[in-house]
Amino acid sequence: MQRPRKDLPPSVFISYNKADALIAKEIASFCALAGINVWFAEWKLSLGDSMIGRPSEGIGKCTHMILIWSKNAKKSRSVEIEYNSFLAKSLDRTDEKIIPVRLDKTPLPPILLDKIYISYSKGAIHKIIEAITGLPTQP
């Protein structure tokens, strides 16, 4: 078993389909304001970057993943690759967590059925931040 990453500040990778980008950006912004290091494609990718390599680097460095889940995400091959990559790298780390945020009633993929999810709302953002930082927040 690998050593826990308690010595590193919390960091989060936001996985989403581009159709859900506005909500993803809102969550990313609140996380950043809470002092969490955020890997959000719109902020991290620029012209000429690898659409596979750069996100893979981000996933490798993050302690958490927020999976923005919807009917759009279910159809997205890149979202599927991202959450599977995060799960694979986190197999032996109990302190690295994936947090599914459901935007609609689309069922989670079978591999994530054991994960406690949250349905998206304005109040949910504070619970997401608490899950990442371990610290209570004010709604």
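Helices here are DSSP runs of H or I with at least four residues, and strands are runs of E with at least two, both numbered from the N terminus. Hi everyone, with that in hand, let's look at this one. It is a predicted model, where local features need pLDDT of at least 70, side-chain atom pairs count only at pLDDT 80 or more, and totals for chains, interfaces and linings use all residues. Residues are numbered from 1 along each chain as its sequence is written, and side-chain values use heavy atoms, with hydrogens and water left out.

Start with helix α1, residues 21-33. Its 13 residues reach 18 Å from first C-alpha to last, close to the 18 Å expected at 1.5 Å a residue; that expected span is 1.5 Å times one less than the number of residues.

Which residues of α1 are buried? Ala21, Ala24, Ile27, Ala28 and Cys31, where buried means under 20% relative accessible area, exposed over 50%, and partly exposed in between, with a 1.4 Å probe and protein chains only. Looking down the axis of α1, these buried residues fall within an arc of 125°, so they line one face of the helix; the arc is taken from the directions from the helix axis to the C-beta atoms. Leu22 and Leu33, on the other side of α1, are exposed. After α1 comes glycine 35, with a positive phi near 90°.

Now for α6, residues 124-133. Its buried residues include Ile125, His126 and Ile129, and the buried set packs against β1, α1, β3, β4 and β5, contact being heavy atoms within 4.5 Å. Glycine 134 follows α6, and its phi is positive too, near 80°.
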